[in-house]
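Me: I would like to learn how to read charged pairs and pockets in a model. Please give the general idea, then the case at hand.

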Amino acid sequence: MIYIYNRITDPYFNLASEEYILKEFKDDCFMLWRNEPSIIVGKNQNTLAEINLDYVKEHKIPVVRRLSGGGAVFHDLGNVNFTFIVNDDLNGFSDFRRFTQPIIDVLKKLSINAEFSGRNDITIDGKKISGNAQYYYKNRILHHGTLLVSSNMIDLSAALKVRPVKFEDKGVKSVSKRVTNINEHLKEPIDVEEFISLIMNDIREHTGGSGLYEFTNEDIRNIEKLKNEKYSTWEWNFGMSPDYSLKNEKKFLGGTLEVVLNVENGIIKDMKIYGDFFGKKDVKDIEEILKGVKHSESGVRDALSSVDINEYFANISLENLIDVLF
């Protein structure tokens with residue numbers, strides 16, 4: 001087994017590194033890593049329906065889609081991620097206990113009564129400290145999970161606090177559960193780096209491992225390429241969302257503005273604008289302009305860059321329109 005402590009904290013790079021190891025390495029691998037504040041959404045989720053977009057924009061929080069299914073999670077430097085990548089047949093897929101038990105054993109050495117719970121969680125006294133997910137590729141299983149050591153619970157809650165339901169889609173929904181930090185259950189808080197060493201040493205001891213593997217310059221170049229071509233792109237993180245419909249309504253100085261739109265592969269396929277606003281021109285022009293445009297702020301801004309919004313919505317700005325479109 002190869003052991004990696006990946007000290008890079010760029011979420012785009014780190015999600016790319018998992019895919020790179022899965023597809024390019026032949027050996028079993030165990031990796032520990034952390035991300036700067038970021039939201040990681042499941043492969044089958046509608047990204048916009050899982051995040052508090054206003055909070056994410058205000059705090060410039062990256063949003064990255066992962067290979068595996070399951071729900072959205074918040075990462076920061078107080079959260080430790082672990083990844084097992086092993087050669088196996090399909091019969092081993094969805095065996096979450098196999099990969100979580102070594103982590104539970106480490107926690108028990110800290111006198112923490114952690115246990116496997118539900119489908120894919122590790123809990124302490126009924127509160128979640130770890131969510132886990134898996135992905136299968138050519139007889140290799142990727143299992144990864146989170147470990148909340150000293151995460152900022154305010155950011156975690158706010159970043160994933162979805163506004164009142166306005167999406168209709170078939171994307172997998174995240175399940176809200178009570179969460180807690182591991183440090184809240186220790187007599188003395190543990191430093192994250194110390195916690196990482198404890199896990200790595202224990203896993204190596206029980207799997208007969210030796211030294212740590214360091215990414216080579218070639219590894220890093222290949223991971224950066226995958227990051228730039230996939231994991232940091234709008235197409236992967238937002239455009240890959242399942243098809244969805246959005247209905248949203250807001251009141252502005254110029255009146256109430258309501259939009260209903262359908263999105264396929266991240267592209268606005270059709271939309272309608274309603275409201276009690278006033279305007280010189282027919283909003284059908286705006287509806288037609290936005291058909292075929294990416295459902296992203298940049299896509300909408302570019303499409304309407306030469307349009308005088310006040311001609312269509314008196315006392316309603318482009319910012320107001322964008323606000324109601326997301």
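Me: Which side chains meet in a salt bridge with a distance of 3.8 Å, N to O?
Reply: Side chains of opposite charge can pair when their charged atoms come close. In this predicted model, the side chains of Glu 258 and Lys 247 meet that way, at 3.8 Å from N to O. This pair links distant parts of the chain, with Glu 258 in strand S13 and Lys 247 in strand S12, 11 residues apart.

Me: Is Glu 258 buried or exposed? And Lys 247, buried or exposed?
Reply: Glu 258 has 17% relative accessibility, so it counts as buried. Lys 247 counts as exposed because its relative accessibility is 52%.

Me: Which residues do salt bridges with shared partners join into one network?
Reply: Lys 57, Glu 297, Arg 301 and Glu 319. Within it, Lys 57 and Glu 297 form a salt bridge of 2.6 Å, N to O. That pair connects helix H3, which holds Lys 57, to helix H10, which holds Glu 297, across 240 residues.

Me: How should I read the second largest pocket, and which residues lie nearest its centre?
Reply: Rolling a probe the size of a water molecule over the atoms shows where empty space is left. Here the second largest pocket holds about 340 Å³ of space. Its lining has 20 residues, and Leu 53, Val 56, Lys 57, Trp 234 and Phe 238 lie nearest the centre. The lining divides into 11 nonpolar, 6 polar and 3 charged residues. Helices H3, H8 and H10 each supply at least two of the lining residues.

How values were computed. Residues numbered from 1 in each chain as written. Predicted model: local features only at pLDDT ≥ 70, side-chain atom pairs only at ≥ 80, totals over all residues. Heavy atoms only, no water. 1 Å grid on protein atoms, 1.4 Å probe; cavity = no way out; pocket = protein on both sides within 12 Å on 5 of 7 lines; lining within 4 Å. Points joined across faces, edges and corners; volume = space filled by probe spheres on them. Helix = DSSP H or I, 4+ residues; strand = E, 2+ residues; numbered from the N terminus. Nonpolar A, V, L, I, M, F, W, Y, C, P; charged D, E, K, R; others polar. Salt bridge = Lys/Arg side-chain N within 4 Å of Asp/Glu carboxyl O. Buried < 20%, exposed > 50% of the residue type's maximum accessible area, 1.4 Å probe, protein only.
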